[in-house]
Amino acid sequence: YLYKFDKIMELNPDGVIIPNGPGDPKVLNAPIKLTRELIDHNIPTMGIGLGNMIMGLAANIEVYKMSAEHRGGRTTVESSTKHCYITFQNHGYCLNYTNSNNFNELYFDKDDKSNEGLIHKSKPIFSVAFNPEGAPGALDIKQKTFNQFINFMEV
């Protein structure tokens, strides 16, 4: 997690995933700086879980500790289509999506309306707060999320 931007670029990646993990995202200065550089250089990037929070912080979106954490299966809504998915979640922090900073809300929680993902307005960059590789229900969100990242890398 301490890789620098230049070292990642030496690998000539098609895209970069900012993965899930435990902890308070606000103290992860090196990954936030790295993610800001990925955004600035238009590198196809996908954030998952903690990676979603890091993405938000890199875009200067506030993160807060949730009073009712999201654990287990939850209903997630795709903002643009209002299509619902059952997603697996395990996060206690959330993005305060009030200032877009070139990002749109990609997903939100059906029950508490909290942010569940971002997508950049013009760059191949997005993130999700839930775990798309988890499978409490159908696999449609897993396929949709990872196929979107694959499509972004082909841009």
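I will begin with the cysteines: the count of disulfides, meaning pairs of cysteine sulfur atoms within 2.5 Å, comes to zero. C84 is in no disulfide, and the nearest cysteine sulfur, that of C94, is 17 Å away. Burial is next, where buried means under 20% relative accessible area, exposed over 50%, and partly exposed in between, with a 1.4 Å probe and protein chains only. C84 is partly exposed at 38% relative accessibility, whereas C94 is buried at 0%.

A word on the source. This is a predicted model, in which local features need pLDDT of at least 70 and side-chain atom pairs count only at pLDDT 80 or more, while totals for chains, interfaces and linings use all residues. Residues are numbered from 1 along each chain as its sequence is written, and side-chain values use heavy atoms, with hydrogens and water left out.

Now the fold. The protein has four helices and seven strands, taken as DSSP runs, H or I of at least four residues for helices and E of at least two for strands. From the N terminus the order is α-β-α-β-α-β-β-β-β-β-α. The C-alpha trace spans about 40 × 30 × 25 Å along its principal axes.

How much of the protein is buried? Of its 155 residues, 47% count as buried. As for contacts, meaning heavy atoms within 4.5 Å, residues 24 or more positions apart account for 63% of those with a separation of 6 or more.

Last, the surface. The protein exposes about 7,800 Å², and carbon and sulfur atoms supply 51% of that; the areas come from the Shrake-Rupley method with a 1.4 Å probe, and for residues only the protein chains shown count as cover.
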